Amino acid sequence: MCEDRKLIDVFSNFKGEKGELIPVLQAVQDEFGYLPNDTMAKIAKFTGASESNVFGVASFYAQFRLTPTGKNKINVCRGTACHVRGAPQILEEVERHLGIKEGDSTPDLEYSLETVACIGCCALAPVITINDEVFGKLSLKDVAKVLPKMEAA
Ligand code: FES
């Protein structure tokens, strides 16, 4: 289905009012996996919000992504238990290994890197997840073992 058709389908669930901006953004993101740049003007027109308002809301809330996500999602926990057990260093190591920063995806869209507040496995701190799989009690050396092998750029 082409992008415009998908967008029309998403919009058909709403009335097209300013107060619907956030739910419309959520629905568009659910459909595309992120908020494609060229949907922003259409969302603005549909909801009656200005384009700058749409961009402002989309970039203010952490739930919204303006870039595509990778097929595989890597989350590094930055909750308190993980933080005190070295999560910041783990995050740096993951970033170095993948060659991207938190919030980014690899250029081939294989991997996305995010941080989360607490995964709920604090006894295993520091923890990362790769898709639904949890890896705990990580040392810096473990990072390269659990992450996928990356092709040299
Ligand atoms: S703080 Fe990391 S799992 Fe709870």
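Among contacts in the protein between residues at least 6 apart in sequence, what percentage join residues at least 24 apart?

1. Contacts. The share is 60%; two residues are taken to be in contact if their C-beta atoms, placed from the backbone, lie within 7 Å.

2. Basis of the model. This is a predicted model, in which local features need pLDDT of at least 70 and side-chain atom pairs count only at pLDDT 80 or more, while totals for chains, interfaces and linings use all residues. Residues are numbered from 1 along each chain as its sequence is written.

3. Confidence. The mean pLDDT (the predictor's confidence in each residue, from 0 to 100) is 92 for the protein, and 96% of its residues reach 70 or more. Where pLDDT is low, the predicted coordinates should not be read in detail.

4. Fold. Seven helices and 4 strands make up the secondary structure, where helices (H or I, at least four residues) and strands (E, at least two) are DSSP runs numbered from the N terminus. Their order along the sequence is α-α-α-α-β-α-α-β-β-β-α. The C-alpha trace spans about 50 × 35 × 25 Å along its principal axes.

5. Domains. The domain assignment gives domain 1 as residues 3-60 and domain 2 as residues 72-146; such bounds come from an automatic or database domain assignment. The C-alpha centres of domain 1 and domain 2 are 31 Å apart.

6. Burial. Of the 153 residues, 25% count as buried. A residue is buried if 20 or more other C-beta atoms lie within 10 Å of its own, exposed if 12 or fewer, and partly exposed in between, with C-beta atoms placed from the backbone.

7. Helix α3. Within helix α3 (residues 40-47), the residues Ile43, Phe46 and Thr47 are buried. They lie on the same side of α3 because they cover an arc of only 85 degrees around the axis, the arc being that of the directions from the helix axis to the C-beta atoms. The cover over the buried residues of α3 includes α1, α2 (21-32) and α4 (51-60). Glycine 48 follows α3 and has a positive phi, near 80 degrees.
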